[in-house]
Amino acid sequence: MTGCSITNLGTCLVEKFFEYLLYIFNLPIQVMLSGIQNLMTSPVSTSPFLGVWTIIVYILSMFYGLFLVFVGIKFIVSGHAVEQREKAKSNLRDIFLMIVFVQASYLLYGLILEVSSALTITIFNFIPSDFFLLTANSLGNLGLELVFMSLYLLVLVLMLIILVLRYMFVSFGVVLFAIGLFFYFLDSVSDYGKLILNYLFVAILMPFIYALILLAGSKFLEVSIFSEMKILVMIGTFALINVLTFIIVIFVIIKATLKVSTPVTKVARIVV
């Protein structure tokens, strides 16, 4: 529309009113969307837990010498048993790898976060910016947006909460990453190390998965039947992310519980 004049004053005033109405409605949405985008695309800062990481790594490093002595004795007493000597060599290699990775875990973890952030930004740039906002491209869309706006705000708030919790977990994850690497290279607790590392990688890559879902949701609007119900597509997309996150969390809790309960059950059977 080029502008208001005496010939189209009535139509122009109505359109300007709805544009102003959408502007008001979009203000809280833009604030939440800005927070969501920052939490998804910005690398997680691990600096608040640098001191904790330093203490944990210092404690873990106290075991290095004990492990080296134990493997050395195991290598000596193995004698001519080829299998035992090869096992000792393998354990020695794992210990050296453990020392290198644990000591460098802070930098390595930061690199992983940077790569994840770059991947998420790449996908996010393909998503049209107006996909997240209320738009008056048709009267039907406008009516649906006014009716379902509160529900849309609710799913955005839920996603914002999820991303904040995920940010705090991943930030503290730099400490868990060092512990996970330490466990990973020890045969007796290797499964626990894998469990910790798997959960951390899932948490780190969650924004990338979210970005893919949002991109897929935006593509639905290119289909005419979905373009007339934009607000429902947006709600469905963010709701899918929230539900998927809930399922992942439940799965993680169940798997972690089973992993911990298995050795406890074995010990209880032996005692009985």
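**Exercise 1: the largest pocket**

With seven residues, H9 contributes the most to the lining of the largest pocket. The model is predicted: local features require pLDDT of at least 70, side-chain atom pairs count only at pLDDT 80 or more, and totals for chains, interfaces and linings use all residues. Residues are numbered from 1 along each chain as its sequence is written, and side-chain values use heavy atoms, with hydrogens and water left out.

Step 1. On a 1 Å grid over the protein atoms alone, a pocket is an open set of points with protein on both sides within 12 Å along at least five of seven lines, whereas a cavity is a set where a 1.4 Å probe fits but cannot get out; lining residues have an atom within 4 Å of a point. Grid points are joined across faces, edges and corners, and a volume is the space filled by probe spheres set on the points.

Step 2. Among the 16 lining residues, Arg166, Phe169, Met206, Thr245 and Val249 are the closest to the centre.

Step 3. Helix H6 (139-184), H7 and helix H9 (230-271) each give two or more residues to this lining; helices are DSSP runs (H or I, at least four residues), numbered from the N terminus.

Step 4. The lining comprises 13 nonpolar, two polar and one charged residues. Here Ala, Val, Leu, Ile, Met, Phe, Trp, Tyr, Cys and Pro count as nonpolar, Asp, Glu, Lys and Arg as charged, and the others, Gly among them, as polar.

**Exercise 2: the largest cavity**

Task: Determine which helix supplies the largest share of the lining of the largest cavity.

Step 1. The whole structure holds one cavity of 30 Å³ or more, and the largest cavity has a volume of about 50 Å³.

Step 2. Helix H1 (9-41), helix H5 (105-124) and helix H7 (190-220) each supply at least two lining residues. The largest share, four residues, comes from H5.

Step 3. Arg166 is one of the residues lining this cavity.

**Exercise 3: salt bridges**

Task: Locate the salt bridges (a side-chain nitrogen of Lys or Arg within 4 Å of a carboxyl oxygen of Asp or Glu).

Step 1. Arginine 93 pairs with aspartate 94 (3.5 Å, N to O). Aspartate 94 counts as buried because its relative accessibility is 14%, the limits being under 20% for buried, over 50% for exposed and partly exposed in between (1.4 Å probe, protein chains only).

Step 2. Lysine 219 bridges to glutamate 222, with the closest N and O atoms 3.5 Å apart. Glutamate 222 is exposed, at 62% relative accessible area.
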